[in-house]
Amino acid sequence: MDSAPSDSENGRARAPGTIVSDPGREKVRGPEEPSREDPRERVNRRWNEILQETRVAQTGIQILFGFLLSVAFTQRFERLGDFDHRVYVVTVVLGAAAIGALIAPVALHRFLSGSQMKDEVVVIAGRFMVCGMVLLALTIGCTLLLLLHTVLTDTLAELLVGAVMVWFGAAWFLLPLVLKLRSARRADDGEGDRDRDRGAKQAGDSGEGRTRSAHPTSRSQAPS
């Protein structure tokens, strides 16, 4: 009966739980090995997450931008006032800028592919995503102002748009920032607790060592 191969090609026996470097297989981790990402895996995961976020944001801005472009060719657009025309121009420019910022990560990856700069591409792509989300929020706010200004009074339209923009700011930017700060504070507290436990354990070990040195135990003798 044939026995299982054990890295005889390299002349070394394979230890249990080690990762087998087989180019035709995916790396399998042992049961006792911690599931940690190496830098390459972390960069690839972050890039895939950025691509998923870009797809979601691009869908929204493309639909909105298509609507904005069609507004200029309607008959009612000619009857709008100067204020509405200025708001429309600002909205279209913001929408175009948002599309440029959200597509920029794809262009970066295409032109810098193979240049060993994926770390920098991921960092810059994340910043473009944040910039694109800000421009997208402003585009939505201006679009809402343009629509509500034609059916409501100026004051009511501005109040509603302001409330929506506050909601966007809280849900898109303030909430993630609060959660990030809370997580960092929790991590700092956990590190402080571990340091205190480690210090208490070291103090207990040193006290026990001093007690043993002050009261040495005598070896008992067997009766003759």
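Three aromatic pairs are found in the structure, where rings of Phe, Tyr and Trp (its six-membered ring) pair if their centres lie within 6.5 Å, with planes under 30 degrees apart counted as stacked, over 60 as edge-to-face and the rest as tilted. One of these joins phenylalanine 168 and tryptophan 172, which are stacked, with 4.9 Å from centre to centre and 15 degrees between the planes. The two residues are four apart in helix α4 (residues 154–214), so about one helical turn separates them. Helices here are DSSP runs (H or I, at least four residues), as strands are (E, at least two), numbered from the N terminus. Tryptophan 172 also pairs with phenylalanine 173: the ring centres are 6.4 Å apart and the planes stand at 65 degrees, so this pair is edge-to-face. Together, ring pairs link Phe168, Trp172 and Phe173 into a cluster.

The model is a predicted one, in which local features need pLDDT of at least 70 and side-chain atom pairs count only at pLDDT 80 or more, while totals for chains, interfaces and linings use all residues. Residues are numbered from 1 along each chain as its sequence is written, and side-chain values use heavy atoms, with hydrogens and water left out.

How open is this cluster to the surroundings? Phenylalanine 168 counts as buried, at 15% relative accessibility, whereas tryptophan 172 is partly exposed at 27% and phenylalanine 173 is partly exposed at 31%. In these terms, buried means under 20% relative accessible area, exposed over 50%, and partly exposed in between (1.4 Å probe, protein chains only).

Turning to the fold as a whole, the protein chain has four helices and zero strands, following the pattern α-α-α-α along the sequence. Of its 224 residues, 21% count as buried. The accessible surface comes to about 17000 Å², and 59% of that belongs to carbon and sulfur atoms; areas come from the Shrake-Rupley method with a 1.4 Å probe, and for residues only the protein chains shown count as cover. Among contacts between residues at least 6 apart in sequence, 64% join residues at least 24 apart, a contact being heavy atoms within 4.5 Å.

Side chains of opposite charge can pair when their charged atoms come close. Arginine 45 and glutamate 49 meet in a salt bridge, at 3.1 Å from N to O, and the count of salt bridges comes to one; the rule asks for a side-chain nitrogen of Lys or Arg within 4 Å of a carboxyl oxygen of Asp or Glu.

At 2% relative accessibility, threonine 54 counts as buried. A polar atom of its side chain lies 2.7 Å from the backbone oxygen of isoleucine 50. Leaving aside neighbours within four places in sequence, threonine 54 is in contact with Leu102 and Met129.

Finally, the cysteines can be considered. The structure holds zero disulfides, a disulfide being a pair of cysteine sulfur atoms within 2.5 Å. Cysteine 131 is partly exposed, with a relative accessible area of 38%, while cysteine 142 is buried, at 19%.

Technical notes: A polar contact is a pair of N or O atoms within 3.5 Å; within protein, one must be able to donate a hydrogen and the other to accept it, and residues adjacent in sequence count only if both atoms are side-chain atoms.
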